[in-house]
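User: I'd like to go through the labels on this model and see what backs each one up. Can we start with the structure itself?

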Amino acid sequence: MSAPRGPSSTQGGAPSAPAIANANANAGKKAVHVKWAGKTIALGTFPSAEADEKCARAKALTRAWRSTMRPKPTREWVMAELERLG
């Protein structure tokens, strides 16, 4: 038998100061991402209202590209275009 161990970071100990600061910095923000070729493309973290707009625009663009472009663009092309278009 082994001696009982104290709490560790993997066992739900108190969060560290950088983790708390990071959580506060992202308060009121949302991550925006879109799927392409079965993979997620992260677009960034934005204030809630802006995130909703960016998400809707990215989804509309990728939906149009899926239905009109042959051959289907690569994930790298989609990432570059989304970044270019902002």
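Analyst: Helices here are DSSP runs of H or I with at least four residues, strands are runs of E with at least two, and both are numbered from the N terminus. On that basis the elements of this predicted model run α-β-β-α-α from the N terminus on. That gives three helices and two strands in the chain.

User: How do you know that β1 and β2 pair, and in which sense?

Analyst: Two strands pair if DSSP finds at least two bridges between them. β1 and β2 have eight bridges, in the antiparallel sense, so they count as paired by that cut-off. As an example of who faces whom, Lys35 stands opposite Thr40 in β2.

User: What makes Ala37 stand out?

Analyst: Its backbone. Most residues other than glycine have a negative phi. Ala37 is not a glycine, yet has a positive phi of about 55 degrees. You'll find Ala37 in the loop between β1 (29–36) and β2 (39–47), and that hairpin has two residues between the strands.

User: Why is Ala37 called partly exposed?

Analyst: Buried means under 20% relative accessible area and exposed means over 50%, with partly exposed in between. Ala37 has 49%, so it gets the label partly exposed. As for the buried class, it makes up 15% of the 86 residues in the chain.

User: Which residues of α2 and α3 meet?

Analyst: From α2 there are Arg57, Ala58, Leu61, Thr62 and Trp65; from α3, Trp77, Val78, Glu81, Leu82 and Leu85. Contact here means heavy atoms within 4.5 Å. Across the chain, 38% of the contacts with a separation of 6 or more are between residues 24 or more positions apart.

User: What makes the bond between Arg70 and Pro71 worth a look?

Analyst: Most peptide bonds are trans. The one joining Arg70 and Pro71 is cis, with omega about -5 degrees. Pro71 sits in the loop between α2 (48–68) and α3 (75–85).

User: And how much of the accessible surface belongs to carbon and sulfur atoms?

Analyst: The accessible surface of the chain comes to about 6,500 Å², and 57% of that belongs to carbon and sulfur atoms.

Note on methods: Residues are numbered from 1 along each chain as its sequence is written. This is a predicted model: local features need pLDDT of at least 70, side-chain atom pairs count only at pLDDT 80 or more; totals for chains, interfaces and linings use all residues. Side-chain values use heavy atoms; hydrogens and water are left out. Buried means under 20% relative accessible area, exposed over 50%, partly exposed in between (1.4 Å probe, protein chains only). Accessible areas come from the Shrake-Rupley method with a 1.4 Å probe; for residues, only the protein chains shown count as cover.
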